[in-house]
Amino acid sequence: MRRGADRCGAVRADVLSAVNPADAIADELPTMESLDMSDAMCNATTCPAVVGNVIVYRDFNHLSATFVRTAIPELDRQLGDATGWW
């Protein structure tokens, strides 16, 4: 039996699409750049409730502010890559 934070995680394949849904409209919005933060909150198989001793989810569908702050470096990297704003 899983206990504690391990009980609250989810199987990645159950909660994330294998294909980024934004890609479906990319042709309609040629200037759109899609960012994917999935790897910042999930590993290859699971989306845990705690990453690096930080609670990921505030509730069923909101990230905790603390976790979002820990993801800023990855968001900065992706924004820089997408926009060339280095």
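## Salt bridges

D59 forms a salt bridge with R58, and the closest N and O atoms of the pair are 4.0 Å apart. D59 is partly exposed, at 35% relative accessibility, whereas R58 is exposed, at 62%. These values come from a predicted model. A search of the whole structure finds 4 salt bridges. Side chains of opposite charge can pair when their charged atoms come close.

Another salt bridge joins D39 and R12, with 3.0 Å between the closest N and O atoms. D39 belongs to helix α3 (residues 38-41) and R12 to helix α2 (residues 12-15), so this pair ties together parts that are 27 residues apart in sequence. D39 counts as exposed because its relative accessibility is 62%, and the threshold for that class is over 50%.

With a relative accessible area of 38%, R77 is partly exposed; D81, at 51%, is exposed. The pair belongs to a network of salt bridges that links E74, R77 and D81.

## Nonpolar core

In soluble globular proteins, nonpolar side chains tend to be buried together. In this model, the largest nonpolar core has 6 residues, namely M41, C42, C47, V54, V56 and F67. The residues of such a core are buried, and they are joined through side-chain atoms within 4.5 Å.

V54, one of the core residues, touches A49, T66, F67 and T70 when residues up to four places away in sequence are not counted. F67, one of these contacts, is itself listed in the core.

## Largest pocket

Rolling a probe the size of a water molecule over the atoms shows where empty space is left. The largest pocket holds about 200 Å³ of space. Its lining consists of C8, G9, A10, V15, L16, M41, C42, C47, Y57 and F60. By class, the lining has 9 nonpolar residues, 1 polar residue and no charged residues. G9 is in the lining, and Gly counts as polar in this classification.

Technical notes. Residues are numbered from 1 along each chain as its sequence is written. This is a predicted model: local features need pLDDT of at least 70, side-chain atom pairs count only at pLDDT 80 or more; totals for chains, interfaces and linings use all residues. Side-chain values use heavy atoms; hydrogens and water are left out. On a 1 Å grid over the protein atoms alone, a cavity is a set of points where a 1.4 Å probe fits but cannot get out, and a pocket is an open set with protein on both sides within 12 Å along at least five of seven lines; lining residues have an atom within 4 Å of a point. Grid points are joined across faces, edges and corners, and a volume is the space filled by probe spheres set on the points. A salt bridge is a side-chain nitrogen of Lys or Arg within 4 Å of a carboxyl oxygen of Asp or Glu. Helices (H or I, at least four residues) and strands (E, at least two) are DSSP runs, numbered from the N terminus. Buried means under 20% relative accessible area, exposed over 50%, partly exposed in between (1.4 Å probe, protein chains only). Contact means heavy atoms within 4.5 Å.
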